[in-house]
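Trainee: Can you walk me through this one? I have not looked at it before.
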Amino acid sequence: MAKIAPSLLAANFANLEEEISKIKTGGAEYLHLDVMDGNYVPNISFGIPVIKSLRAITDLIFDVHLMIDRPERYIKDFVNAGADIITIHQESTTHLHSTIQEIKSNGVKAGVSLNPATPLDVLDYIIKDIDLILIMSVNPGFGGQSFIQAMIEKIKATRKLIDTHNPNIILQVDGGVKLDNVEEIVNAGTDLVVVGSDIFGAEDVVLRTREFNKLIV
Ligand code: DX5
Ligand code: ZN
């Protein structure tokens, strides 16, 4: 059964507690937290203190997506802030294997994210060590972009790779997921779909969260 991870990036930052309670009421179990540093990606979002404050008000699973240079510098801080999953970009760290070990040694799940043009074979020697693979279906940095259709084949190939080499891995897809393409994305083999603008940009966030949940179960 697939699940959704609403992305806080598209929420009203002046009212985060209410936004989070809406997705929870709508049946979400995960909260996707996009951390951007203005270096690895052009945009700047939010960081450790915001996540820490949110941890105090919700028991949602915190799925932290780090779009920052050299994430190895901050793993402990994100763990202490309340992350349950930490996903890093393979392109952002020189020593991918060691950064993954650092995440896991802190007792949280470790994910690797691949940009649209990054081939799957970068995972060949790390696949037994990771808990999640994030296939970016837009170029990272901004919400509200269009899903890159060529990623459907990549999702299918990743599904095969996971089934063959480590079936415990969660296959996550992030970027441009909407009500009208989520079924195709889930049918291609996705376990966890990130949805930003199509949930928090909806007029009725609770209802929209429920609509997504109904479509993907
Ligand atoms: C993009 C982020 C996404 C973004 C998705 O860099 O990683 O999580 O919030 O937003 P939508 O669903 O609007 O494409
Ligand atoms: Zn993300």
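Mentor: Start at Gly-196: one of its polar backbone atoms is 2.8 Å from an oxygen atom of ligand 1. That is a polar contact, a pair of N or O atoms within 3.5 Å. Mind that this is a predicted model: local features need pLDDT of at least 70, side-chain atom pairs need 80 or more, and totals for chains, interfaces and linings use all residues. Residues are numbered from 1 along each chain as its sequence is written, and side-chain values use heavy atoms, without hydrogens and water.

Trainee: Which side chain has an N or O atom 2.6 Å from an oxygen atom of ligand 1?
Mentor: Ser-197 does. Asp-34 also reaches an oxygen atom of ligand 1, with a polar side-chain atom at 2.8 Å.

Trainee: How much of ligand 1 does the protein bury?
Mentor: 99% of the 390 Å² that ligand 1 exposes when taken alone. Those areas come from the Shrake-Rupley method with a 1.4 Å probe.

Trainee: What residues are around ligand 1?
Mentor: There are 20, and among the nearest are Gly-144 and Asp-174. Near means a heavy atom within 4 Å. By class, eight are nonpolar, ten polar and two charged. Gly counts as polar here, and Asp, Glu, Lys and Arg as charged.

Trainee: Which strand gives the largest share of that shell?
Mentor: β2, with three residues. β3 (61-67) and β8 (192-195) each supply at least two. Strands are DSSP runs (E, at least two residues), and helices are runs of H or I, at least four.

Trainee: New topic. How many aromatic pairs?
Mentor: One. Phe-13 and Phe-46 sit edge-to-face, 5.8 Å centre to centre with 70° between the planes. Rings pair if their centres lie within 6.5 Å, and planes over 60 degrees apart count as edge-to-face, under 30 as stacked, the rest as tilted.

Trainee: Why does the pair tie together parts that are apart in sequence?
Mentor: Phe-13 is in the loop between β1 and α1 and Phe-46 in the loop between β2 and α2, so the pair ties together parts 33 residues apart in sequence.

Note on methods
Chains lettered and ligands numbered in written order. Polar contact = N/O pair within 3.5 Å; in protein donor to acceptor, adjacent residues only side chain to side chain. Phe/Tyr/Trp six-rings, centres within 6.5 Å; stacked < 30°, edge-to-face > 60°.
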